[in-house]
Amino acid sequence: MQAYLIRRAITFVITVWLAASLTFVTLLVIPGNPARIILGTDAGPAAVAALERQLGLDQPASVRYVRWLADLLRFDLGTSVVYGLPVWNLIVERLRVTLPLTAMALTLALIIGVPLGLFAATRRGSVLDLFATAFAQIGIATPSFWLGIFLILVFSVRLRWLPAGGFTAWSQDAGRAFLSLLLPAVALGATRAASLTRIVRSAALEVLSADYIRTARAKGVAEGTVIRRHVLRNALISVATVVSLEVAQLLATSIIVETVFTLPGLGTLVLSAVNNRDLPLVQGIVVCMACVILALSLITDVLYAYLDPRIRYS
Amino acid sequence: MTETRGQLPRLRIEAWVRGHWNLTAGLAILLLLVATAAVSYYYVPHDPNRINITSRFQPPSERYLLGTDQFGRDLLSRIMVGSRVTILVGVVAVGIGLSVGLLLGGLAAEYGRWVDEALMRLLDAVAAYPPLLLAVLLASIMGPGPVSGMLAIGISTVPVFARLVRANFLSLLESEFVQAARAAGAGNARILWRHLLPNTAAILLVQATITFANAILAEAALSYLGLGTQPPHPSWGRMLREAQDFLVFSPYPTLWPGLAIAITVLGLNLLGDGLRDVLDPKTRRR
């Protein structure tokens with residue numbers, strides 16, 4: 001286990017370094033002067049030069065790269081040109097919306113997806129299985145922002161039960177804050193629930209055809225115990241491997257869903273940064289998200305190795 | 001599966017269709033998409049960009065088969081023209097993914113050790129960027145538009161193809177018939193063309209359909225956010241964004257584009273599943 005962990009940790013560091021460098025390199029490779037891009041075409045040369053100095057663009061690329069890496073290690077993601085605040089602070093502030101939203105969506109996806117997939121697998125060919133498969137296929141194909149729009153139509157416009165968008169701060173009114181995250185979480189989580197249903201179902205089906213299940217049943221073990229002790233555990237191993245991918249998808253999709261419901265989260269921040277040509281902010285958020293996704297992948301691999309002893313010795 | 005040899009051709013086709021629902025449905029939807037796009041170059045019921053304020057928010061009628069949007073533009077025509085972008089994005093994404101992925105995966109499999117390790121780490125780094133994130137990055141520098149969108153989606157599909165090619169080539173290179181070919185003096189090129197590629201084609205085809213579906217979803221999302229196709233060009237995602245503000249007036253401008261996206265993606269996923277069932281000997285149900 002030790003050797004595997006060490007190897008995996010080294011891989012993680014290398015990949016994070018590469019991923020972060022990718023952002024830096026895109027900025028270098030794309031034609032055009034970043035300072036000019038930020039200020040627009042009618043900016044005077046003096047203003048452009050001043051911004052260049054501020055962003056450190058007058059230095060050679062290698063120097064900039066080293067400084068940028070050093071800053072990243074200290075969690076210094078630069079300063080936003082539009083807000084004038086450190087990018088890191090802006091990110092942390094927006095996480096107050098994005099994190100709860102993602103957590104709620106993930107919980108929803110797990111609560112619906114795992115049991116549904118399991119039931120479908122254990123009752124293969126039944127009506128429930130058909131329904132679950134249909135739900136999975138349709139759910140994967142449905143764009144989450146379309147679902148979000150329809151949820152708004154039904155629950156906000158027609159029924160007026162829930163807000164159509166916007167967000168009240170947690171400190172102001174926690175109940176209302178939660179409600180404003182409810183529809184977005186459903187829109188976000190439903191697609192992942194569909195995806196999880198599919199994955200859990202196929203993983204469980206594979207487990208169910210294994211010899212040890214047949215042995216357990218032949219021994220006379222109660223079906224419920226068979227499912228709990230053998231099917232669930234082993235199927236969950238396969239699920240654990242894809243959880244990081246699912247969460248990564250969740251993070252990416254949260255950008256769109258936040259836009260649908262006009263939530264002041266990380267997604268809307270990065271989009272407005274793009275529109276404002278706030279390059280340091282865009283860079284900072286993008287690198288941050290990529291690193292989070294890589295960290296999730298690391299956690300999943302470690303979890304997988306812990307759950308499945310066969311992996312550690314490969 | 002019932003024995004169909006010796007029966008009338010029509011019965012054989014029926015039996016095949018019944019046994020391959022996924023494939024049939026998927027193919028039908030794909031054909032529908034291609035046909036819609038093709039027809040749109042020759043005929044659309046109305047000018048998709050013509051604004052006609054007096055006919056705003058019309059429900060489906062004889063004149064406007066799917067209704068009109070907030071500017072009085074015919075929804076059916078816009079959907080038809082929007083299908084062109086859908087196909088284009090899918091083709092570009094799969095094209096980039098396949099070509100670059102094949103190259104990188106092949107290199108990794110062939111040259112092993114350091115090259116393999118380096119390439120895999122690089123691909124992991126690229127894979128850490130979901131297409132949306134890549135599109136955001138590229139858009140901030142190149143400006144939002146169809147080019148940055150398609151490039152982002154294309155690049156994000158490369159790691160999947162590359163890993164698939166690499167894994168497949170590696171296992172094929174160990175196989176007996178490849179080793180026999182090497183022993184008989186076959187060079188790299190010959191092994192690649194005659195052995196590696198044909199045996200990988202099936203898996204790549206299945207992955208291509210799935211990637212196509214994901215690319216369509218990604219493009220719709222990008223257009224919705226304003227990072228893909230720019231107005232006034234119709235794109236299904238873009239139509240959803242424009243229609244959202246007017247939900248109170250009519251649900252139709254939101255209904256049809258979303259339905260179009262969902263059906264197309266569903267069809268492609270079914271096609272991929274169907275192809276996998278047919279081409280993968282392990283999952284064949286007899």
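Which elements run from the N terminus of chain B on? The elements of chain B are α-α-α-α-α-α-α-α-α-α in that order, and its secondary structure amounts to 10 helices and 0 strands. Here helices (H or I, at least four residues) and strands (E, at least two) are DSSP runs numbered from the N terminus. The model is predicted, with local features requiring pLDDT of at least 70 and side-chain atom pairs pLDDT 80 or more, whereas totals for chains, interfaces and linings use all residues. Residues are numbered from 1 along each chain as its sequence is written, while chains are lettered from A and ligands numbered from 1 in the order in which they are written.

Along the principal axes, the C-alpha atoms of chain B fill a box of roughly 75 × 60 × 30 Å. Of the 286 residues in chain B, 47% are buried (20 or more other C-beta atoms within 10 Å of the residue's own, with C-beta atoms placed from the backbone). Among contacts in chain B with a separation of 6 or more, 68% join residues 24 or more positions apart; two residues are in contact if their C-beta atoms, placed from the backbone, lie within 7 Å.

Between the chains, 34 residues of chain B are in contact with 39 residues of chain A. On the side of chain B that touches chain A, two or more residues come from each of α4 (113–127), α5 (131–142), α8 (188–225), α9 (236–244) and α10 (252–279) of chain B. The most are given by α5(B), with 8 residues. This side of chain B has 27 nonpolar, 5 polar and 2 charged residues (Ala, Val, Leu, Ile, Met, Phe, Trp, Tyr, Cys and Pro count as nonpolar, Asp, Glu, Lys and Arg as charged, and the others, Gly among them, as polar).

Two helix pairs of chain A were also examined. Helix α1 (residues 2–29) of chain A packs with helix α12 (residues 279–307) of chain A at an angle of about 165 degrees, their axes being 10 Å apart. Axes are lines fitted to C-alpha atoms, for helices over the stretch in contact, and angles run from 0 to 180 degrees between N-to-C directions. The angle makes α1(A) roughly antiparallel to α12(A) (over 145 degrees). The residues of this contact of α1(A) with α12(A) comprise 14 nonpolar, 3 polar and 2 charged.

The axes of helix α5 (residues 87–122) of chain A and helix α6 (residues 127–141) of chain A come within 8 Å and cross at roughly 135 degrees.

Conventions. Angles under 35 degrees count as roughly parallel, over 145 as roughly antiparallel, 65 to 115 as roughly perpendicular and the rest as oblique. A residue is buried if 20 or more other C-beta atoms lie within 10 Å of its own, exposed if 12 or fewer, and partly exposed in between; C-beta atoms are placed from the backbone.
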